[in-house]
Amino acid sequence: MKGNSMLVKGRFLPLLVWIAGLLIVWEALSWVLLNVAHTPLAQSKLPYVHELIATLFQYSGTLLKEGAATFGNAAVGFLLGAAAGVLLAVLMSVSKTIEQLTFPYAVASQMIPILGLAPIIYGIVRDEQISRIIISGYITFFPVSLNMLRGLRSVDLSALELMHSYAAKPWAVYMKLRLPAALPGLFSGLKIAAPLAVTGAILVELMGAQHGIGVIMLRNLYYGPSHTYMFWSTIIIGAFLGMASYGLMSLIERLVSPWQPEFRPKGGGR
């Protein structure tokens with residue numbers, strides 16, 4: 001028990017110190033801009049941390065409600081995009097022909113800038129919820145597919161030959177060998193895509209949606225210094241949603257594949 005407590009403290013103490021140091025430097029720079037440099041609209045450029053925290057608490061209900069709308073739609077798109085990416089990766093690993101036919105188009109699809117694609121999708125669909133789901137899924141499927149395919153092909157050849165020597169069925173090879181071997185690659189793709197899915201959903205909301213953290217962000221961007229702290233609050237909530245999605249994927253990875261080296265206890269002690 002004591003060892004676990006020391007381990008948690010060793011992991012989180014440096015992070016807490018780093019965050020505290022960052023906030024102190026932020027507050028000091030804000031004071032310098034306002035009182036020493038006399039920078040015009042100083043609080044718009046770098047607001048006081050204590051005022052920002054007060055705004056987060058004051059409007060916590062609104063920020064949580066709109067953040068939940070953003071996160072919910074991003075999560076649906078993320079799940080659909082991840083499922084499509086996994087399916088495409090499995091099909092490409094099964095057939096070289098399918099890979100040659102589909103992979104170039106998958107790569108080409110990623111050449112379209114999201115900043116240009118989002119208004120096109122929103123203009124066609126005319127539904128903010130569906131648009132957020134489509135963009136989040138679009139962002140998700142490629143990194144998941146690419147990393148999953150790499151994982152499926154990272155199987156040790158000796159293990160594959162052993163499965164064949166026992167006359168294992170193709171589905172058995174996939175379920176017992178290829179899929180477990182592909183899990184690290186899959187979660188690498190999921191951890192890359194999860195924050196991007198949130199960003200994609202927020203980007204769609206900037207196109208003229210009615211609900212979501214991006215809507216509050218846009219409303220407070222052009223209304224002068226009085227709305228500065230609310231605007232920065234939406235930035236922080238958006239960043240928190242991205243970090244939360246990454247952390248959730250990391251937690252699921254730890255639960256699903258605890259055998260990975262980075263999840264094993266350090267040292268030889270019991």
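**Ser233.** I looked up Ser233 and found it in helix 11; helices here are DSSP runs of H or I of at least four residues, numbered from the N terminus. Ser233 is buried, with a relative accessible area of 0%. For burial I used under 20% relative accessible area as buried, over 50% as exposed, and partly exposed in between, with a 1.4 Å probe and protein chains only. Leaving aside neighbours within four places in sequence, Ser233 is in contact with Leu52, Thr55, Leu56 and Leu63; contact means heavy atoms within 4.5 Å.

**Basis.** I note that this is a predicted model, in which local features need pLDDT of at least 70 and side-chain atom pairs count only at pLDDT 80 or more, while totals for chains, interfaces and linings use all residues. Residues are numbered from 1 along each chain as its sequence is written, and side-chain values use heavy atoms, with hydrogens and water left out.

**Aromatic pairs.** I searched the whole structure and found 3 aromatic pairs. Rings of Phe, Tyr and Trp (its six-membered ring) pair if their centres lie within 6.5 Å; planes under 30 degrees apart count as stacked, over 60 as edge-to-face and the rest as tilted. Trp26 and Trp232 make a tilted pair, 5.7 Å centre to centre with 55° between the planes. Trp26 lies in helix 1 (residues 2–36) and Trp232 in helix 11 (residues 228–256), so the pair ties together parts that are 206 residues apart in sequence. Both Trp26 and Trp232 are buried. The ring centres of Phe141 and Phe142 are 6.4 Å apart and their planes are at 75°, so this pair is edge-to-face. Both Phe141 and Phe142 are buried, and together with Phe103 they form one aromatic cluster.

**Salt bridges.** I counted 5 salt bridges, each a side-chain nitrogen of Lys or Arg within 4 Å of a carboxyl oxygen of Asp or Glu. Arg153 bridges to Glu99, with the closest N and O atoms 2.5 Å apart. Arg153 lies in the loop between helix 7 (128–152) and helix 8 (157–165) and Glu99 in helix 5 (residues 96–109), so the pair ties together parts that are 54 residues apart in sequence. Arg153 is partly exposed at 39%, whereas Glu99 is buried at 14%. Lys96, Glu99 and Arg153 are linked in a network of salt bridges.

I then checked Arg132, which is buried at 3% relative accessibility. Arg132 forms a salt bridge with Glu205, the closest N and O atoms being 2.6 Å apart. This pair links distant parts of the chain, with Arg132 in helix 7 and Glu205 in helix 9 (residues 170–205), 73 residues apart. Glu205 is buried at 1%. Arg132 also forms a salt bridge with Glu128, at 3.1 Å between the closest N and O atoms.

**Ala69.** I placed Ala69 in helix 4 (residues 60–94) and found it partly exposed at 22%. Apart from neighbours within four places in sequence, Ala69 is in contact with Arg132 and Gly212.

Methods: Helices (H or I, at least four residues) and strands (E, at least two) are DSSP runs, numbered from the N terminus.
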